[in-house]
Amino acid sequence: MRKFHLLIAALVVVLDRVAKLAVERKIPLHDGIQIIPGFFRLTHLENRGAAFGLFADSSSPWTVGTLVLFSVVALLVVSMLLWKNSHTLSTTGVGLSLILGGAIGNLWDRVLSGHVVDFLLFYVGQYQWPAFNVADSAIVVGAALLVFEILFTKSPSQKTA
């Protein structure tokens with residue numbers, strides 16, 4: 001099963017890299033392409049902060065280094081959890097694989113260029129969700145799978161009762 005989990009993570013990294021490279025080549029920075037009027041557009045933004053633009057406006061020279069360090073620690077923790085839980089195909093393994101791939105995708109950008117490329121922008125009128133990317137999506141879906149497993153899956157002791 002470890003090969004399957006690593007394949008999921010690798011697929012997320014590849015999809016993320018391909019999408020980001022396409023956006024960087026086809027859409028000028030701070031420009032966009034309307035996909036669904038009033039709801040969705042592809043845009044080209046550079047996020048120097050964390051998820052959803054947190055700390056993006058920080059002038060501290062430590063911001064990128066701190067975010068890289070946090071990402072590396074998170075990667076190590078997720079990798080250890082995945083290694084421990086990868087003996088069977090489970091919601092936990094798939095969730096951790098998605099988080100691992102997403103974390104690698106965003107870390108790749110941050111290490112090579114000091115920012116992450118975001119390009120998916122959903123909005124209604126003047127209200128908009130912060131722009132995000134494939135890696136962010138994988139992290140959120142992976143985390144949601146873990147939460148689902150924690151909240152709705154019975155433990156072995158509950159199954160026998």
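## Surroundings of F119

Leaving aside residues up to four places away in sequence, F119 touches A19, K20, V23, R41, L42, T43, F132, N133 and V134, where contact means heavy atoms within 4.5 Å. The model is predicted, so local features need pLDDT of at least 70 and side-chain atom pairs count only at pLDDT 80 or more, while totals for chains, interfaces and linings use all residues. Residues are numbered from 1 along each chain as its sequence is written, and side-chain values use heavy atoms, without hydrogens and water.

F119 lies in strand β3 (residues 116-124); strands are DSSP runs of E with at least two residues, and helices are runs of H or I with at least four, numbered from the N terminus. With a relative accessibility of 4%, F119 counts as buried (under 20% relative accessible area, 1.4 Å probe, protein chains only). F119 and I27 are 92 residues apart in sequence, and their C-alpha atoms are 9.5 Å apart in space.

## Helix α3

Helix α3 has 23 residues and reaches 33 Å from its first C-alpha to its last, close to the expected 33 Å (1.5 Å times one less than the number of residues). G114 follows α3 and has a positive phi, near 80°.

## Packing of α3 and α4

Helix α3 (residues 91-113) and helix α4 (residues 134-152) pack at about 155°, with axes 7 Å apart; axes are lines fitted to C-alpha atoms over the stretch in contact, and angles run from 0 to 180 degrees between N-to-C directions. The two helices are therefore roughly antiparallel (an angle over 145 degrees).

Conventions. Angles under 35 degrees count as roughly parallel, over 145 as roughly antiparallel, 65 to 115 as roughly perpendicular and the rest as oblique. Buried means under 20% relative accessible area, exposed over 50%, partly exposed in between (1.4 Å probe, protein chains only).
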